[in-house]
Amino acid sequence: MSVFDASPRTAVSGRVRELVRRIAVEAFGAAEAEVPIPGFTVFTDRRLDDPLAGIRAALLVHTVAESQLTEYARAARASGRSWDQIADALGITTDEVAVVGEAAFDWLVCGRAPDPEPDGVRSFRTPCAYWRCSTCDGLVTDHGPFEGNPANSEDGHAKGCTRHAAEVQAWNEGWEH
Ligand SMILES: [Zn+2]
């Protein structure tokens, strides 16, 4: 997908991302910075100086959007639309569930979102997060905070990465005291 992609979905997704950034700035004290897009000289991307403000802003939008799902479902029922039609708008298909209307009601009224991997596919792979270390520029595979020691839960830092070394040292010292 290029920056020139102009499908309406892509365009509005971009506007929502913009809105989240603006909320992070206006409500959670972040500042925006222009960063170059790799491979482009003319185009820049905008980033927040504080990604945690981005999480707070995205959560706010998420919460508002979630309550709107319920509000619009009630409005749809009020105007004579069926739960099957609501399921269709939600993108629930019979590949996932036998009765789509029931799945829509389960989701929006009972608060049970459909399982994206109903056959337990998830258990066959270990989930992890990927990010580029701002200190060593290594692409890190992050297995989460479960194991504790960053030496075992983060793969991919460059050899001699000072940040990773400091985090491992802090963890080791935490054990000694
Ligand atoms: Zn690193």
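Tutor: Gladly! In this predicted model, the donors of the zinc ion follow the spacing C-x2-C-x20-H-x3-C along the chain.

Student: Which atoms coordinate the zinc ion?

Tutor: The SG atoms of Cys-133, Cys-136 and Cys-161, together with ND1 of His-157, at 2.1 to 2.4 Å.

Student: What makes the arrangement around the zinc ion tetrahedral?

Tutor: The angles. The 4 donor atoms subtend 104 to 116 degrees; four donors need all angles between 85 and 135 degrees, so the arrangement is tetrahedral.

Student: Are Cys-133 and Cys-136 buried or exposed?

Tutor: Both are buried, which means under 20% relative accessible area.

Student: Let's turn to aromatic pairs. How many does a search of the whole structure find?

Tutor: The search finds 1 aromatic pair. The rings belong to Trp-83 and Phe-105.

Student: Why is the pair of Trp-83 and Phe-105 called edge-to-face?

Tutor: Their centres are 5.1 Å apart, and rings pair within 6.5 Å.

Student: What parts does the pair tie together?

Tutor: Trp-83 lies in helix α3 and Phe-105 in helix α4 (residues 100-108), so the pair links parts 22 residues apart in sequence.

Student: How do you know that Asp-88 counts as exposed?

Tutor: Asp-88, which lies in helix α3 (residues 83-90), has 60% relative accessibility. Exposed means over 50%, so Asp-88 qualifies.

How values were computed:
Residues numbered from 1 in each chain as written. Predicted model: local features only at pLDDT ≥ 70, side-chain atom pairs only at ≥ 80, totals over all residues. Heavy atoms only, no water. Donors = N, O, S within 2.8 Å, 3.2 Å for Na, K, Ca; no water. Tetrahedral: all angles 85-135°; square planar, octahedral: opposite > 155°, others 65-115°. Buried < 20%, exposed > 50% of the residue type's maximum accessible area, 1.4 Å probe, protein only. Helix = DSSP H or I, 4+ residues; strand = E, 2+ residues; numbered from the N terminus. Phe/Tyr/Trp six-rings, centres within 6.5 Å; stacked < 30°, edge-to-face > 60°.
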